[in-house]
Amino acid sequence: MQTLVETAGSTLMDTPGIGPVMAGRLIGRAGQASRFPSAAAFANYARAAPVEIASADKSRHRLSRSGDRQLNSVLHTVAVVQIRMPTPPGYGYYQRKLSEGKTPKEAKRCLKCRLADHVWRVMIADERRARLLVRTP
């Protein structure tokens with residue numbers, strides 16, 4: 001699996017919590033990242049973008065029910081791994097959200113959205129690098 005991910009020219013495995021299996025699942029489920037016009041569109045597709053639910057005077061957020069559940073599962077696994085390891089930047093972000101008064105579930109939701117943004121940016125950069133390599137004689 002690692003050989004296939006490296007052959008695809010992906011640098012997703014440089015992200016803490018993403019190994020060869022998770023990188024392969026991300027590439028397989030998302031396809032080309034350039035088909036999404038923005039990181040927000042990718043997060044929405046991955047079910048990582050929060051949806052506002054308002055009723056009366058209360059307003060809260062929950063995850064979208066539409067989109068790719070398996071892609072969301074990969075982001076959830078990466079988020080849990082980063083939360084459990086004190087060195088990745090995801091751990092610090094999660095702790096910061098907890099100190100802001102968010103519940104652990106809300107903080108994990110924020111981290112998943114941030115990870116979706118990061119994954120999209122890495123995949124876009126990989127696609128651009130691959131295009132440049134093809135053009136160079």
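A residue is termed buried under 20% relative accessible area, exposed over 50%, and partly exposed in between (1.4 Å probe, protein chains only). By this definition, 34% of the 137 residues of the protein count as buried. The model is predicted, so local features need pLDDT of at least 70 and side-chain atom pairs count only at pLDDT 80 or more, while totals for chains, interfaces and linings use all residues. Residues are numbered from 1 along each chain as its sequence is written, and side-chain values use heavy atoms, with hydrogens and water left out.

**Overall architecture**

- The protein has 6 helices and 2 strands; helices (H or I, at least four residues) and strands (E, at least two) are DSSP runs, numbered from the N terminus.
- Along the sequence these elements follow the pattern α-α-α-β-β-α-α-α.
- Taken along the principal axes, the C-alpha atoms of the protein fill a box of roughly 60 × 30 × 20 Å.
- The loop between β1 (50-55) and β2 (58-63) contains Asp57, which counts as exposed because its relative accessibility is 84%.
- Asp57 and Val80 are 23 residues apart along the chain, and their C-alpha atoms are separated by 32 Å.

**Helix packing**

- Two packed helices are described by the angle between their axes and the distance between the axes.
- Axes here are lines fitted to C-alpha atoms, for helices over the stretch in contact, and angles run from 0 to 180 degrees between N-to-C directions.
- Angles under 35 degrees count as roughly parallel, over 145 as roughly antiparallel, 65 to 115 as roughly perpendicular, and the rest as oblique.
- A crossing is left-handed if the near helix is turned anticlockwise from the far one by less than a right angle, and right-handed if clockwise.
- The axes of helix α4 (residues 69-84) and α6 come within 9 Å and cross at roughly 110°, which means that α4 is roughly perpendicular to α6.
- The crossing in which α4 passes α6 is right-handed.
- Helix α2 (residues 20-30) packs with α4 at an angle of about 150°, their axes being 9 Å apart; α2 and α4 are therefore roughly antiparallel to each other.
- For α2 and α4 the crossing is left-handed.

**Aromatic contacts**

- A pair of aromatic rings is described by the distance of the centres and the angle of the planes.
- Rings of Phe, Tyr and Trp (its six-membered ring) pair if their centres lie within 6.5 Å; planes under 30 degrees apart count as stacked, over 60 as edge-to-face, and the rest as tilted.
- The structure holds 2 aromatic pairs.
- Phe36 and Phe42 form an edge-to-face pair, at 5.3 Å centre to centre and with 75° between the planes.
- Phe36 and Tyr45 have ring centres 5.2 Å apart and planes at 45°, so this pair is tilted.
- Arg35 lies over the face of Tyr45, at 5.1 Å from the ring centre; a charge sits over a ring if NZ of Lys or CZ of Arg is within 6 Å of the ring centre and within 35 degrees of the ring normal.

**Salt bridges**

- A salt bridge is a side-chain nitrogen of Lys or Arg within 4 Å of a carboxyl oxygen of Asp or Glu, and by this rule the count comes to 5 salt bridges.
- One of the salt bridges joins the side chains of Lys97 and Glu100, at 3.4 Å from N to O; Lys97 counts as buried because its relative accessible area is 15%.
- Another salt bridge connects the side chains of Asp117 and Arg121, with an N to O distance of 3.2 Å.
- Both Asp117 and Arg121 lie in helix α6 (residues 104-135), 4 residues apart, about one turn of the helix.
- Asp117 is partly exposed, at 25% relative accessibility, and Arg121 is partly exposed as well, with a relative accessible area of 49%.
- The side chains of Glu127 and Arg131 also meet in a salt bridge, at 3.9 Å from N to O.
- Glu127 and Arg131 both belong to helix α6 and are 4 residues apart, about one turn of the helix.
- Glu127 is buried, at 16% relative accessibility, whereas Arg131 is partly exposed, at 42%.
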